[in-house]
Amino acid sequence: MTEPLLVDRTDAVVTLTLNRPTAMNSLDVALKEALRDTLAELETDRSCRAVVLAGAGDSFSAGQDLREHVQILQSPTANPLDTVRAHYNPIAARLANLPKPVVAAVRGMAAGAGASLAFLADFRIGGPKTKFLMAFAGVGLAADTGASWTLPRLVGHAKAVEMLMLAEPVGAEEACRLGLLTRLVEDEAVLPTAQELAARLAAGPTVAYGAIKRQLSIADAGTLADALAAEAQAQAICGATADHRAATEAFVDKRRPTFAGH
């Protein structure tokens, strides 16, 4: 049986590949559970210092597997949207709060929850064929997988309303202009570029990266006082790391620092 999620480790970089290419990597229960549980394991895996999220074949992910969803809708006993609490919410929380950088390699279409997954990454690499489609309203649903939180922060409230309500595709060049893509490269270079960036990040101060992610999350929703308190806490944590001490000494000695991630 084909694994729905491929996990590849190269040094300190873990690449997670949504592996349902014949279904545009749409998210069925097996794939959602594999992604949710693998992210939970990576949270405390100190050998993993950066994560790449990719899709097999020519698409990133078409979002929810609607064929499976129709079957659930037709079941008299099932709660068809229970997947939001059971799968999508935990996946979104784990991606957003993962204490290490996440890079999404977005080739081709990223629609619905597939686009939401990409928006939860810290960096997004795309190619000329990359498209984002907030497809939820097209099937009579509101946003999920964190899109109501990530999208306004990336493109602003007005553009988020437009993307979610009109459900029109956003092409690669516009996505790059809006900030939905960090870099735009040739299609065949999307995954290698994402992995190269992840390798660069994996060689950096991992604890500081995790602290930066927490700071920004708190500052986005909080007051200046909240942000200052988060900064004080983060600096106390980072200041006690071996990375900080070694890098400071390297700076004084005019050497390039080497970060161990602790």
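1. Asp122 and Lys213 form a salt bridge, with their closest N and O atoms 3.0 Å apart. The term means a side-chain nitrogen of Lys or Arg within 4 Å of a carboxyl oxygen of Asp or Glu. Asp122 sits in the loop between α4 and β6 and Lys213 in helix α9, so the pair ties together parts that are 91 residues apart in sequence. Helices (H or I, at least four residues) and strands (E, at least two) are DSSP runs, numbered from the N terminus. Asp122 is partly exposed at 28% relative accessible area, whereas Lys213 is buried at 14%. Buried is under 20% relative accessible area, exposed is over 50%, and partly exposed lies in between (1.4 Å probe, protein chains only).

2. A word on the basis. The model is predicted: local features need pLDDT of at least 70, side-chain atom pairs count only at pLDDT 80 or more, and totals for chains, interfaces and linings use all residues. Residues are numbered from 1 along each chain as its sequence is written, and side-chain values use heavy atoms, with hydrogens and water left out.

3. Now the largest pocket. Its volume is about 560 Å³. It has 20 lining residues, and those closest to its centre are Leu120, Ala121, Asp122, Lys213 and Leu216. Both partners of the Asp122–Lys213 salt bridge are therefore in that central group. On a 1 Å grid over the protein atoms alone, a pocket is an open set of points where a 1.4 Å probe fits, with protein on both sides within 12 Å along at least five of seven lines; lining residues have an atom within 4 Å of a point. Grid points are joined across faces, edges and corners, and the volume is the space filled by probe spheres set on them.

4. Which elements supply at least two residues each of the lining of the largest pocket? They are α3 (82–97), β6, α5 (147–155) and α9 (206–221). The largest share, six residues, comes from α9. By class, the lining has 12 nonpolar, three polar and five charged residues. Here Ala, Val, Leu, Ile, Met, Phe, Trp, Tyr, Cys and Pro count as nonpolar, Asp, Glu, Lys and Arg as charged, and the others, Gly among them, as polar.

5. Strand β6 (residues 123–126) also pairs with other strands. It runs parallel to β4 (residues 102–106), joined by four bridges. Two bridges pair β6 with β9 (residues 183–184), again in the parallel sense. Strands pair if DSSP finds at least two bridges between them.

6. The structure holds one aromatic pair. Ring centres of Phe119 and Phe132 are 5.1 Å apart and the planes are at 40°, so the pair is tilted. Rings of Phe, Tyr and Trp (its six-membered ring) pair if their centres lie within 6.5 Å; planes under 30 degrees apart are stacked, over 60 edge-to-face, and the rest tilted. Phe119 lies in helix α4 (residues 113–119) and Phe132 in strand β7 (residues 131–133), so the pair ties together parts that are 13 residues apart in sequence. Phe119 is buried at 3% relative accessible area. Phe132 is buried at 0%.

7. Back to charges. There are 12 salt bridges in the structure. One of them joins the side chains of Arg20 and Asp65 at 2.9 Å, N to O. Arg20 is in the loop between β2 (13–18) and α1 (29–43), and Asp65 in the loop between β3 (50–55) and α2 (66–73), 45 residues apart. Asp65 is buried, at 9% relative accessibility.

8. Glu43 and Arg94 form another salt bridge, their closest N and O atoms 4.0 Å apart. This pair links helix α1 to helix α3 across 51 residues. Both ends are partly exposed: Glu43 at 31% and Arg94 at 24%.

9. Which backbone angles deserve a look? Most residues other than glycine have a negative phi. Met24 has a positive phi near 55° and lies in the loop between β2 and α1. Thr145 also has a positive phi, about 55°, and is in the loop between β7 and α5. Met24 is partly exposed at 37% relative accessible area, whereas Thr145 is buried at 1%.
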